[in-house]
Amino acid sequence: MKKTLVQLLLIAVLISSVGAFAYRYKQEYAYSPVLRDIPLEALSKVVVDGSGNLYTINQSNEDRYHDSDESIVKLDPAGRIQYQLPQQTGENGTYYNFEDVAADPAGNLYILRAVVDFEDLHVRAEEIVRHHSDGRTDQVVYRREYERGQYYVRGNIQALQYRDGSLSFLSVDDQYVEMLQIDLANPSQPELLRLQLPENSYAYQVAGSEPDKIIYSTRQGEIYWLQRDGTTRRVYPLAGETVRAVPESLRLDDNGDIYFLTHTDQLLRRTNLHHPDRLETLLSRDSLTKWRLETSALAADLALGDDNSVIVAFSDRVFKLDKQGKIQHVMDKAVYDGKTLAFRLLLWSLLLVIAGLTVYGGRLLYVRVMGRKVSIILKQIIVLVPVIAAGMLYLSYTISSTFGEQLEEEVLRDIELFGYDGALLIEPELLKQMKSPQQYMGPVYQELKEAMDSVFEETVDMMDSGFYNRLYKFENERLYLIMDDEGTNMFTPFPLDPDRRAALQANELFTSEEASHKAKQVYALVPLFDEQENLTGVYEVGRHTNGFLRDSEAVSFTITMKIITIFVLILLGLIVMTIYVLLSIRKLRNGVQGFADGNLDAVVTIRSRDEVEELGHQFNQMAERIREQMSQMMALHEASYRFVPQQFIEHLGKNSIIDLQMGDHVKQEMTILTANIRSFHLLVQEMTTEQNFRFINAFLRTFSPIITKHGGIVSEYLGSGILALFPQQGGQAVEAAVAMREQLHLFNEKRGREGKKAIEIGIAIHSGPLMLGIIGEEERVEGKVISDEVNRTASLEGLTETLGASILISEAGLFAAGGLQPYSCRNLGMVQVEQGREPILLYDVYQGDADRMRQRKAYTKDWFEEAILLYQQGRFFDAREGFLRVIRHNPLDKAAKHYFFLSDQYYQSGTGKDWNGSLTLAVPPMTEKSVVI
């Protein structure tokens, strides 16, 4: 189960990680991974940098570049897409409207964006933000706040340019042209140049990058050269020329050439500051016939390249012209490079990975965790939740739609009334007199404007209500805008589809709606006829519905939340009812499951007074009988462990004593510990048989659990001591020995309070191979440990008193324990433990000694071990002196005394030829023995 849970957790982490990565690039899923190119469309702005890269701003209700309505796309000279920046939603009910861009040589992009109120579409502020080449938008370089109602959709900043580490831009109003230059190294202190405009200039667009070369266009269709001293000079139109369209997208190059667009058949024109008479048309509608451009298509923007080229953008293509107006290149689609396509293929592959992981994780959960079972409650939720949710969603949609339709019908009624009022107030004969933008703010224009304003006078606040109106002139089968509330230029052509044209010519009011990501509006078109019943113009009245749509959405949200609350309450009621019905069954299931899991005391209490209660009673009877049988079996099982330790059984690879068979055996390296009571034969002589047993049992009860606690196996009770095995780590044996010495102090204190003598124990530790197995015959078997290392350990324990050590450990035992650290011990040298066998390197673990002895051994350790080394080198005189020094500081050091006498003997009499540097003690040899478990 743990492995399965880990797998499920890993799958969840993988799904979350992959999902987070995929969500980060969610906009890429709007494109097919095999789509290599897409057509250009809805272009509204084009900028070219010094490397020939194009930056386009695209506006569309169904933007092919991104899932929002506006984006900035960077294209290299070959038309390959470098990156795309989507429109972002602002804060506090605003969105960002891209207006202009400028690029520096490092590839950083400076974006001019308007902060537009979502409800009334008025501009709150304009910002210039820097977008790094690596995709980061790090700071707002400049921000300008506006009063409410000052600008609509677009702000006032124009002609954004980058030059030599600085940004510059222009702005124009009724009185001034301002040029602002921002040093990017110190953007907090921009330089401002303000030039006075003549009265009634009606300035519209402005261009130029130097104070002596600033031009501006007017609403009346003229272009003026603004001098530094505030004087102006008209450079367009020529004397006697009638202006039919206001110049758009003004551009001024270093040679003084002025480029601009018009909405007439002469799409792109050029004149010169110093020679206005050199007016020429570079691009006409006739020259674009072979490019299959719609006859009503309008140029959206133009840009000037560093190579003297002219870039003209239409809504669906970009033309590159040379300085003479010859078309050099036409771009009508953008191409994705291989890296982008590969990345998109990777993103789509990640969806398959998520789907595969989800299916695998669900199957794992169903098979491994749920055991291919689904609870009744979960089944009900799976069935009922979708059904109830679908019904509630349908109800919410129906209520919201009905409410929204009623609001829209009310708005349409208001618009129709305003439309009919406008048709009565506006004089078609005055509309017929409008011939050119040069009549802007003239007497006829003012009279028409007063008539339009009177439609809403004392009725609604246009700024707060979202109402607007427009007046068109119908001429040559086309509509031309004369005036509106949004500052659109006069005689801007607007398309008129056949349905609208047929309705208007039949003198019918036409109503419709338009929607985009940014705004939604409903409007009415009212035809205006002259005295001869000819269609003269169209009056449009409409309302931006963002405001009341937001109110409608708020009401719909409230209704939806209430429906969701009802849905949750219904669902909770169903769940509670199901739980109540299934409560008895779940109690019985839990009881059975608990009993199956080993909880033999499980009792089911059911008071439902039905068949389930009877079944629960029968289960309790069955469980009681099983408990009685299990109790007897467990008693027998536990009794068997008193004779064969469970760890012994486990080391033979068996689960229970029942599984043991004669001949089962295993060979393994283990650490052996022997603990024995010193002078035991003298103690038992002073006690009766009953006292002997009580003493031995008290001793074993005190010290055996210490061995078990430290991971040891008590192999045999020796009568006067314990033989234990440590199969895991030798360090556990040392820790157990030290703990036994500490417990001995408490044990002796208790005996002292009872008026009994203190006892002393010796402990020896050694490591080596053991044979554990089962021997015997069919009717009776025994577990045995067969090893000569057990005998050697017993011999070591016999030396503890001789060497004055409480704990002796061999070199093999110390190696199994992991070395000298962290134990307090000293080297006793090579000791001849048994005759006829190789000597053993022994260590005295004095960490288990009494405090005074431990301190003395620690103090003399270095002297003692140095003397041992001298002894082994045969320098007996120096060794004798060293051991003498130890004895003077620790007269009770028996090992030092043995070495002292031997050193003196060897110094006086010499050694035998078979002397090997070891310490020889009189220890009787022990025969091999078998230890019975």
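**Figure 1. Strand β11, spanning residues 166–172, is mostly covered in this predicted model.** Seven of the seven residues in β11 are buried. Ser166, Ser168, Leu170 and Val172 point one way from the strand, while Leu167, Phe169 and Ser171 point the other way, and the residues of both groups are buried.

**Figure 2. Strand β11 pairs with β10 (residues 157–163) and with β12 (residues 176–183).** The pairing of β10 with β11 is antiparallel and runs over five bridges, and within it Gln158 has Leu170 of β11 as its bridge partner. These two strands form a hairpin with two residues between them, and Asp164, which lies in the turn, has a positive phi of about 50°. On the β12 side, the strands again run antiparallel and are joined by seven bridges, with Leu167 standing opposite Ile182 of β12. The hairpin that joins β11 to β12 passes through three residues.

**Figure 3. An open sheet is built from four strands in the order β22-β23-β24-β25.** The pairing in this sheet is antiparallel, and its edge strands, β22 (301–304) and β25 (327–331), each pair on one side only. When direction is ignored, neighbouring strands are turned by 20° against each other on average. Inside the order, β23 (residues 310–313) and β24 (residues 318–321) are paired over four bridges in the antiparallel sense, and Val312 has Phe319 in β24 as its bridge partner.

**Figure 4. Helix α5 (residues 443–456) has a buried side.** The buried residues of this helix are Val444, Tyr445, Leu448, Ala451, Met452, Val455 and Phe456. They lie on the same side of α5, because they cover an arc of only 150° around the axis. An α-helix has 3.6 residues a turn, so residues three or four places apart point the same way. On the face of α5 that is turned away from the buried side, the exposed residues Pro443 and Glu450 are found.

**Figure 5. Helix α16 (residues 851–872) packs with helix α17 (residues 876–889).** The two helices pack at an angle of about 170°, and their axes are 8 Å apart. This angle makes α16 roughly antiparallel to α17, since angles over 145 degrees count as roughly antiparallel. Among the residues that make the contact are Tyr859, Trp863, Phe864 and Ile868 of α16, together with Phe876, Ala879, Phe883 and Val886 of α17. Sorted by class, the contact of α16 with α17 has eleven nonpolar, three polar and three charged residues.

**Figure 6. Glu477 and Phe491 are placed in loops, Glu477 between β27 and β28 and Phe491 between β28 and β29.** Glu477, in the loop between β27 (467–475) and β28 (478–484), has a positive phi of about 60° although it is not a glycine. Glu477 counts as partly exposed because its relative accessibility is 45%, whereas Phe491, with a relative accessible area of 2%, is buried.

**Figure 7. A cis peptide bond joins Tyr236 and Pro237.** The omega angle of this bond is about 0°. Pro237 has its place in the loop between β17 (232–236) and β18 (248–252).

How values were computed
Residues are numbered from 1 along each chain as its sequence is written. This is a predicted model: local features need pLDDT of at least 70, side-chain atom pairs count only at pLDDT 80 or more; totals for chains, interfaces and linings use all residues. Side-chain values use heavy atoms; hydrogens and water are left out. Buried means under 20% relative accessible area, exposed over 50%, partly exposed in between (1.4 Å probe, protein chains only). The arc is that of the directions from the helix axis to the C-beta atoms. Axes are lines fitted to C-alpha atoms, for helices over the stretch in contact, and angles run from 0 to 180 degrees between N-to-C directions. Angles under 35 degrees count as roughly parallel, over 145 as roughly antiparallel, 65 to 115 as roughly perpendicular and the rest as oblique. Contact means heavy atoms within 4.5 Å. Ala, Val, Leu, Ile, Met, Phe, Trp, Tyr, Cys and Pro count as nonpolar, Asp, Glu, Lys and Arg as charged, and the others, Gly among them, as polar. Two strands pair if DSSP finds at least two bridges between them.
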